[in-house]
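Visitor: I am new to this structure and would like to know what stands behind the words used for it. Could you show it to me and take my questions?

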Amino acid sequence: MAAVLSAPSPLTATLPEDVVLRAEDLHTHFIVGERAAKSVDGVTLTVRRGETLAVVGESGSGKSVTSLSIMRLLAHPGRIVAGKILYRMRDGTVVDLATLPEKRMRAIRGKEIAMIFQEPMTSLNPLYTVGDQIMEMIRLHEPLSRHEARRRARQMLELVEIPAAEKRLDQYPHEMSGGMRQRVMIALALSCNPALLIADEPTTALDVTIQAQILDLMRRLQRDIGMSILFITHNLGVVAEIAHEVAVMYAGRVVEQAPVEALFARPRHPYTKGLLACIPNPERDRAADGARLMLNPIPGNVPSVLNLPPGCTYAPRCPLVEPHCEGEAPGLVPAGPGHLSRCFRHELL
Amino acid sequence: MAAVSITPAPRLTTLMLQRKTLAIGLAVILAIALFALLAPLIAPYAPNKLSIVNRLKPPSGTYFFGTDEFGRDIFSRTIYAGRLSLTVGAAATVFACVIGITLGLAAGFFRRADAVIARIIDAMMAFPDILLAIALVAALGPSLTTVIVALGIVYAPRLARIVRASTLVIRELPYVEAARALGVPTWRIMTRHVLRNLVSPILVQATFIFAYAMLAEASLSFLGVGVSPEIPTWGTMIASGRQYVGQADWMTIFPGVAIILSVLSLQLVGDGLRDLLDPRLRKDL
Amino acid sequence: MSQSPSPAGGDVLLSVRNLSKRFHTASGPVKAVEDVSFDVGRGRIVGIVGESGSGKTTAGRCILRLVEPSEGEAVFDGVDLFKLPERALRAYRRRMQIIFQDPYSSLNPRMRVGDIIGEAIDTHGLAKGAARQARIADLLTRVGLSPEHARRYPHEFSGGQRQRIGIARALAVEPELIVADEPVSALDVSVQAQVLNLIQELQKELGLTMLFISHDLTVVEYLCDDIVVLYLGRILEQGPSREVYANPRHPYTKALLSTAPIPDPTVRRERVILQGDIPSPLDPPSGCVFRTRCPFAIEACARAVPPHESVSPGHSVACIRQAELATPATQKVTA
């Protein structure tokens with residue numbers, strides 16, 4: 001029943017068969033008066049079918065704004081000012097989410113692309129039972145009776161391994177633990193069987209043992225259902241656990257994208273390398289006699305999105321910087337099999 | 001080395017002027033205050049100068065606002081009355097602040113005091129303002145000081161409540177814990193760490209109390225339980241003009257307009273300050 | 001008591017014994033910390049690790065008497081802090097300080113940085129006038145800021161810089177013991193490394209003793225000499241951190257270490273994913289608090305709180321089945 005489907009889109013040919021989503025040179029700005037915060041400043045990334053792309057970055061890197069741009073859920077005054085977000089619908093047609101009319105976008109949210117957030121409490125309505133919320137979501141997109149929708153909702157809770165699902169349907173969000181609520185959010189997101197799940201820091205607010213449960217669940221669900229996942233996180237440890245492919249963001253740009261093993265084995269951007277060096281590693285950071293060695297932090301701070309340096313945005317903090325870097329912004333270039341780097345000097349790494 | 005540039009938050013006063021309603025409110029109340037302050041220079045007549053021949057004259061070039069039943073110039077009296085009305089409002093506000101802040105801080109900091117203070121606050125706020133004020137004035141005997149004290153007591157709970165609630169939040173914040181860990185004495189934590197962060201909400205509330213207190217003073221005087229009728233306040237003027245409504249409307253209209261203007265402008269200032277100081281609204285500045 | 005304290009040699013600066021803290025809430029008493037004992041050797045960094053509800057923050061606050069403990073003792077340099085009257089405690093406040101997690105709410109937004117640090121100096125009358133200013137400047141320099149920053153307000157700084165200001169405030173009174181409550185958890189990874197380096201430098205330079213409260217097992221492994229593992233208010237395992245990480249003996253510690261994300265996709269671990277949720281501290285399980293999620297729980301676990309058994313010098317475990325369950329948790333397979 002969904003959308004006004006026109007003739008096969010001319011975009012279809014532009015997206016390889018195995019790609020679900022591709023953002024091309026996406027720019028999202030927050031414009032206040034005459035100042036533009038360039039939160040997303042030319043992001044290019046690719047999510048393959050059935051795989052997990054982890055987008056990793058520190059605060060202010062633009063990773064969350066990228067995901068909100070894809071969902072077209074930007075709060076005022078945020079706006080996509082340039083670029084494409086090509087998405088392959090389940091029927092095979094390709095649409096550009098960046099320019100899709102809001103009406104068609106509504107049919108895509110939830111049914112084609114679903115999203116979960118860091119704090120499940122704020123994304124669940126405290127006044128309704130979780131059963132009601134899942135049922136509402138299902139019936140919004142599919143013509144099912146209340147009874148059928150409830151059965152489906154129960155199946156969804158079982159799918160996300162919530163024990164005593166029938167009883168849980170009638171509980172309110174506040175009666176559940178953080179981990180349970182995140183499971184409910186996942187159930188809610190998956191209830192209309194989306195092809196792509198965007199997960200924005202879904203485990204950041206959770207305890208380590210609960211985080212492990214949720215990551216395990218997401219891995220299993222992906223294997224069983226075959227959905228693609230865009231996983232936003234700041235935690236490189238979590239990336240190593242869940243991702244097939246990784247995009248590293250810095251100051252509004254993807255500076256590196258690579259398969260997960262390649263990225264960790266040999267990062268081809270100085271920022272990625274610097275970030276990895278910041279995380280303590282017992283093997284690396286102990287001298288032979290067991291004494292602690294100092295970490296190697298990245299000097300300085302992340303630049304403000306209101307005032308990005310010209311050229312390479314990482315240049316002011318980069319150990320490999322040369323005069324050239326400060327004048328011209330490097331493009332995202334191949335640096336190995338399936339490996340892209342936005343660095344002039346990636347060969348040195 | 002680059003010169004040290006100290007960029008403090010934009011000054012409050014500059015920000016205040018950027019907000020239209022706030023600026024208008026401020027301008028009006030300051031103008032009224034200025035008139036009151038400079039009354040001896042501005043007023044064409046002494047406020048109590050009788051002139052029986054000129055009684056109940058309508059507004060004219062000689063008597064801008066007309067005259068009352070004793071031939072006193074309403075314009076001069078309105079200006080002089082402003083002195084008292086503003087003084088009563090301001091003094092009552094200051095008094096309310098002193099009591100309210102002390103009680104609020106004590107309640108927020110000392111659990112035992114809280115049980116008592118919170119009850120008293122609730123009980124007092126259950127009374128209509130004016131009734132409570134009348135009762136207090138009646139109990140203390142009517143006089144200018146009594147009215148100020150009574151209004152101060154009536155409005156203190158509003159402040160106490162705000163201060164108490166904020167104190168309960170702030171006292172749990174890590175920077176207060178840090179001060180405790182350093183061994184900073186409690187009273188200094190109260191003033192330096194708690195009170196200093198409450199300046200904005202107190203200022204906003206005080207502005208509203210100022211407006212309420214002026215209104216309440218007028219009501220008390222109008223009802224004849226406030227300051228003595230010989231002292232010109234906007235309330236006593238309206239009270240005495242009451243008998244001449246329909247015959248000499250100017251006797252009530254002008255002091256009435258003065259009350260409305262001052263209360264309205266104070267409300268504008270209060271609203272404006274609240275918006276200005278609300279950090280959520282401030283972000284987009 | 002049965003618990004074996006674990007100062008790995010050297011003298012003990014702080015000795016916590018049978019610390020308990022119960023909060024009375026509307027829904028009943030909460031045992032936030034229950035019978036916790038451990039030692040902190042002078043100059044050592046002791047990591048206190050736990051998930052939410054473990055009581056790690058409360059334990060730290062109790063030791064500093066920011067929260068009044070319900071029971072137990074904390075002997076600091078020969079004196080039981082819990083028995084000190086408020087006035088005498090003031091003198092000890094100078095010797096122990098705290099660093100907070102949230103770099104935003106830990107600094108009074110209305111005070112200039114110089115006044116924030118100055119307050120510490122004034123409270124204990126450590127310096128006046130020019131000497132005071134010099135001391136503030138020195139502290140700022142020491143934490144990697146510049147003396148000019150004294151005139152600014154907290155909101156003008158980034159999270160990492162604010163954390164440095166918080167550290168300078170704690171150091172202003174020249175403490176011997178610092179309780180650091182998740183001091184890097186709110187920071188970005190790159191800034192986190194900067195602050196960790198700073199903490200280490202200062203610790204070495206000033207000979208500080210630290211209680212490092214954290215949920216981040218990677219950071220604790222790197223930074224801490226000893227580790228105390230808390231769960232629902234009780235210590236489940238404690239010992240020298242290298243020993244505990246290499247050879248965890250409690251099923252909870254094993255699960256925790258096996259699921260902590262490691263930034264290396266080639267590490268293949270046998271993950272022990274615990275089932276269920278952390279029980280509410282309002283209604284903790286009888287006997288061993290971990291038994292409801294423990295894959296090895298048997299009937300006996302419900303009967304009594306397991307005593308701490310020493311498994312190697314300074315390393316003790318509160319599990320009645322620890323001897324049968326000794327296996328390594330992590331093995332690295334290089335692809």
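**Reading the terms**

Guide: Residues 14–257 of chain C have end C-alpha atoms 27 Å apart, and the span is 38% helix and 27% strand. Helices (H or I, at least four residues) and strands (E, at least two) are DSSP runs, numbered from the N terminus. This is a predicted model, where local features need pLDDT of at least 70, side-chain atom pairs count only at pLDDT 80 or more, and totals for chains, interfaces and linings use all residues. Residues are numbered from 1 along each chain as its sequence is written, chains are lettered from A and ligands numbered from 1 in the order in which they are written, and side-chain values use heavy atoms, with hydrogens and water left out.

Visitor: What makes C:Glu205 and C:Arg142 a salt bridge?

Guide: A salt bridge needs a side-chain nitrogen of Lys or Arg within 4 Å of a carboxyl oxygen of Asp or Glu. For C:Glu205 and C:Arg142 the N to O distance is 3.2 Å, so the pair qualifies. C:Glu205 lies in helix H6 and C:Arg142 in helix H4 of chain C, so the bridge ties together parts 63 residues apart in sequence.

Visitor: Why is C:Arg321 called buried, and why is C:Glu324 called exposed?

Guide: Buried means under 20% relative accessible area, exposed over 50%, and partly exposed in between (1.4 Å probe, protein chains only). C:Arg321 has 17%, so it is buried. C:Glu324 has 55%, so it is exposed. These two residues also form a salt bridge, with their closest N and O atoms 3.1 Å apart.

Visitor: How do you know that chain B and chain C are in contact?

Guide: Contact means heavy atoms within 4.5 Å, and 24 residues of chain B are in contact with 29 residues of chain C. In chain B, helix H8 gives the most to that side, with 8 residues.

Visitor: What makes B:Arg192 and C:Glu119 a salt bridge?

Guide: Their closest N and O atoms are 3.9 Å apart, which is within the limit, so B:Arg192 and C:Glu119 qualify. The count between chain B and chain C is 2 salt bridges.
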